[in-house]
Amino acid sequence: MEKLLFLCVLVLAGCVGRPDNIVPVGNFDTTRYLGKWYEIARLDHSFERGLSHVTADYSLRQDGGLKVLNRGYKDADARWKEAEGKAYFVDRKDVGYLKVSFFGPFYGSYIVFDLDQQNYSYSMISGPDKSYLWLLSRTPTMDPAVQQRLIEKARGLGFDTSQLIYVKQN
């Protein structure tokens, strides 16, 4: 029984780990991060497969965490899909390193590793490993030069940016 418990703890802890050389941003201001973000690009995962018009809306929870509402249009089914989750800071509230859950007690890493610290107009997110990558913007489109700079940064950090899906937002 102790081995099983240890294995479960080890597996769950790995889900909120950080990939090599991915450093969460400091001076993170939760209040400025709240609100709607548009998904500009992502690496493919089954939970978002076939979705367009994807947004994430962050708001405060009474328990001090964040409410996360993800929404996207499933083109094949001609319907909207929503998933509500919760997020909590892993370390300090001024560091962009959170754990997020959409499925009960299971959490995954949400690491803000690039952020427009002046205007909070874009952010780049990693999950627990480099197969998870999201590029978010406050608007449905992003300045092409900024987008290219962020993609180059992600490529340089070891993300397979050749596999990025550019999300239809119009």
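Is glycine 50 buried, exposed or partly exposed? In this predicted model, the relative accessible area of glycine 50 comes out at 39%. Buried would need under 20% and exposed over 50%, so glycine 50 counts as partly exposed. You'll find glycine 50 in the loop between S1 and strand S2 (51-60). Skip its neighbours within four places in sequence, and glycine 50 still has contacts: Arg42, Tyr73, Lys74 and Asp75. Serine 123 is another matter to locate: 73 residues away from glycine 50 in sequence, with 22 Å between the two C-alpha atoms.

Four residues of H3 are buried, namely Gln147, Leu150, Ile151 and Ala154. Look down the axis of H3 and those buried residues fall within an arc of 100 degrees, so they line one face of the helix. On the other side of H3 you have Ala145 and Gly156, both exposed.

What lies over that buried face? The cover for the buried residues of H3 includes strands S1 (35-42), S6 (106-115), S7 (122-126), S8 (133-137) and S9 (165-166).

The two ends of H3 are worth a look too. At its start, a side-chain oxygen of aspartate 143 comes to within 2.8 Å of the backbone nitrogen of alanine 145. Just after the helix, glycine 158 adopts a positive phi of about 105 degrees.

Methods
Residues numbered from 1 in each chain as written. Predicted model: local features only at pLDDT ≥ 70, side-chain atom pairs only at ≥ 80, totals over all residues. Heavy atoms only, no water. Buried < 20%, exposed > 50% of the residue type's maximum accessible area, 1.4 Å probe, protein only. Arc of directions from axis to C-beta. Contact = heavy atoms within 4.5 Å. Polar contact = N/O pair within 3.5 Å; in protein donor to acceptor, adjacent residues only side chain to side chain.
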